[in-house]
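I set out to record what I looked up in this structure. The entries follow in the order of reading.

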Amino acid sequence: MTGTNNSDDIPLAGTSTSLAAADKMEQVSSGLYDLIGIKGKASDSRPGVTECSGRDREKYFQIFHPWSFYPASASELDEAMDRLKEELPKHGWQVVDYGPDTSKNQNINLTADNDKKKYSVKIVQMPKNDPPKLSLMVVSGCYQVPDGEKVQRF
C-alpha cells in the first residue's frame, strides 16, 4: 500500500460510507496508540477523506488520519518506537521500511502495512521536535461508496 501513487497498487478496502470508514479509521488509530504502550498524549485530530488517484472521485475514496503522540518524557521516544517495531507484526502489520530518513535530524521512519485490514501507517520519530513526538499518518485502501450514496468529504 505504500510508496507509490499508482491506483493499481492501492487495494480496494470494500464498500462503505465516508463516515463509517472514518469511524473504522479511528479504531485503527486507537489500536496503534495502544501498541505504543507508554504514557503520553495523542493529538486531537480527526480522519479526513481524499480521492483515490486514478479512480472515479464520485465513487471511490480513501481515509487518512494524521496524528501525533507525545510521550510523558523525551527519553521514552526510543522505547515507543522500539515497541511499535516489535508489536506491529504481532497484530497483523508488516514492517516494510525502517530506518533514518535523509533529513538533517535523521529521524527514524517506520512504515507498516496491514494487508488484511487494508491500512498503512507511516511513523516518524522526531526527537528534536519541541516537544519530541511520534508523527503518524494512517491511510486506508480505496473504499467504494454504496450504490445511491455520495462520497462525503471532510
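**Cysteine pair**

I checked C52 and C142 and found both buried, where buried means under 20% relative accessible area, exposed over 50% and partly exposed in between, with a 1.4 Å probe and protein chains only. I note that this is a predicted model, in which local features need pLDDT of at least 70, side-chain atom pairs count only at pLDDT 80 or more, and totals for chains, interfaces and linings use all residues. Residues are numbered from 1 along each chain as its sequence is written, and side-chain values use heavy atoms, with hydrogens and water left out.

I found one disulfide in the structure, the term being a pair of cysteine sulfur atoms within 2.5 Å. It joins C52 to C142 with an S to S distance of 2.1 Å. The pair links distant parts of the chain, 90 residues apart: C52 is in the loop between β3 (48-50) and β4 (60-71), and C142 is in strand β9 (residues 142-144). Helices (H or I, at least four residues) and strands (E, at least two) are DSSP runs, numbered from the N terminus. I read -130° about the S-S bond, and the link of C52 and C142 is left-handed.

**Core**

I then looked up the largest nonpolar core, which has 30 residues; L88, I123 and L134 have the most contacts inside it. Such a core is a set of buried Ala, Val, Leu, Ile, Met, Phe, Trp, Tyr and Cys residues joined through side-chain atoms within 4.5 Å. At least two residues each come from α1 (18-36), β4, α2 (77-87), β6 (108-114), β7 (119-126) and β8 (133-140). Helix α1 gives the most, with seven residues.

I listed the contacts (heavy atoms within 4.5 Å) of I123; leaving aside neighbours within four places in sequence, they include M81, L84, L88, L110 and L134.

**Helix pair**

I examined α1 and α2, whose axes come within 8 Å and cross at roughly 115°. Axes are lines fitted to C-alpha atoms, for helices over the stretch in contact, and angles run from 0 to 180 degrees between N-to-C directions. L32, L35 and I36 of α1 meet A80, R83, L84 and E87 of α2 in this contact.

**E26**

I located E26 in helix α1. E26 counts as partly exposed because its relative accessible area is 30%. Leaving aside neighbours within four places in sequence, E26 is in contact with R46 and P47. The C-alpha atoms of E26 and P47 are separated by 7.1 Å, with the two residues 21 apart along the chain.
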